[in-house]
Each structure stands twice: as structure tokens, then as C-alpha cells.
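Work through the exercises below with the structure open. Try each task before you read its solution.

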Amino acid sequence: MSLNAQLALSVIIHEHDAADLARALRVTSGSYAVSLADGTGVAQAQVAWSDSRTLGGSADSLNPASLADTRDGAAVTVSLTSIKVVYIKNSHASNSLTLASTTLSSAGNVTLEPGACLFVSVPTAAGKTPATFTVSGSSGTTYDIILAGGGSVT
């Protein structure tokens, strides 16, 4: 199995003034893009894991070193030894999620309001050291998660 990925983020904001005849338009834009090839170096990753999840209780605990998955109909374990990409989207219409992981931040928790997402890209050779992700909120809250980095599938 080999991996390649294209990560892209684009922000374009148009602001219009309220003038009578002559209207000014201000455009603010930002973008980020990186491609990841197969491997363990800079801008490289080896495996990806993704899931659409629903909180069955008040929290999910996800250990990147041992993530259950199904590939080609077989049960496998994805073991991430470094984290290069984190994408988490709160797909619930009304409930917030709280994320806790030293992979994301040593400063504390991150709250994702309904519809919000978090995207982190660390394309360095080392990436981020994987740590358990705790996703908490109300039972029934739904979210999507993608993790990619160095590691293996067994």
C-alpha cells in the first residue's frame, strides 16, 4: 500500500461597503496547500485513518497507536507513530464537541461548535507525537475525523 495526499485550504472573504452609487469591494484571501508523498520524511506520510462517529456516551477516547479499521473487508489495526494531518468536523446540527489531545495543543481543550472543523497540518519529518484524542460532548453528537502520518496497518 502506498499513500499520496493533497491538502488544500482556501479562504476568500468579500466585503462590500454600503455606498449609494460607488461601491467598494474589499477581498481578503488566504490559502494553504501541501502534497504528501509516501514515506517518513518531510511532506510524507504512510497511513491514514478516518471515521464518521457518533458519541455513544459523553466521550470517545481514540488512541492513534491502535485504531480499529476495516480494509478490503478485513478487520485491521492502524498504528500511527507520527501525526502529519488532523481533520475533525463536528457534523452535528446543534451539539458542540470538546477535543483534548496534546497532539493538538498543550494549552488545553478545543471546542468545536456545530458545523465547525479543525484542520492541522504538520508536514515536517517528525510530525507531531501521537497522543490519545478525547472527544467529548452530548451522547448522539456526530463528527468526522481523519488522521494521517507515519505508521503501519496490521
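The model is predicted: local features need pLDDT of at least 70, side-chain atom pairs count only at pLDDT 80 or more, and totals for chains, interfaces and linings use all residues. Residues are numbered from 1 along each chain as its sequence is written, and side-chain values use heavy atoms, with hydrogens and water left out.

**Exercise 1.** Find how E1 and E2 run and how many bridges join them.

Solution. Start with the term: strands (E, at least two residues) are DSSP runs, numbered from the N terminus. Two strands pair if DSSP finds at least two bridges between them. E1 and E2 run antiparallel, joined by 12 bridges. Next, pick one residue. Leucine 9 is in strand E1, and its bridge partner in E2 is tyrosine 32. Now turn to E3 (residues 44–45): E2 pairs with E3 in the parallel sense, over 2 bridges. There, aspartate 38 stands opposite alanine 45 in E3.

**Exercise 2.** Name the residues of the nonpolar surface patch.

Solution. First, the rule. Patch residues have over 30% relative accessible area and no salt bridge; nonpolar side chains (Val, Leu, Ile, Met, Phe, Trp, Tyr) are joined within 5 Å, like charges within 9 Å. A salt bridge is a side-chain nitrogen of Lys or Arg within 4 Å of a carboxyl oxygen of Asp or Glu. Areas come from the Shrake-Rupley method with a 1.4 Å probe, and for residues only the protein chains shown count as cover. The patch consists of Leu9, Val11, Ile13 and Tyr32, about 310 Å² in area. Strand E1 (residues 5–16) gives the largest share, 3 residues.

**Exercise 3.** Is valine 34 buried or exposed?

Solution. Buried means under 20% relative accessible area, exposed over 50%, partly exposed in between (1.4 Å probe, protein chains only). Valine 34 has 18%, so this residue is buried. Leucine 9 has 43%, so leucine 9 is partly exposed. Valine 34 lies in strand E2 (residues 25–38). Leave aside neighbours within four places in sequence: valine 34 then contacts (heavy atoms within 4.5 Å) Ala5, Gln6, Leu7, Ser121 and Pro123. Proline 123 is 89 residues away in sequence, yet 8.0 Å away in space, C-alpha to C-alpha.

**Exercise 4.** Give the strand order of the open sheet of 4 strands.

Solution. The order is E4-E13-E8-E11, with antiparallel pairing. The edges are E4 (47–54) and E11 (117–121), each pairing on one side only. Last, zoom in: E8 (residues 85–90) and E11 share 5 bridges. Isoleucine 88 stands opposite leucine 118 in E11.
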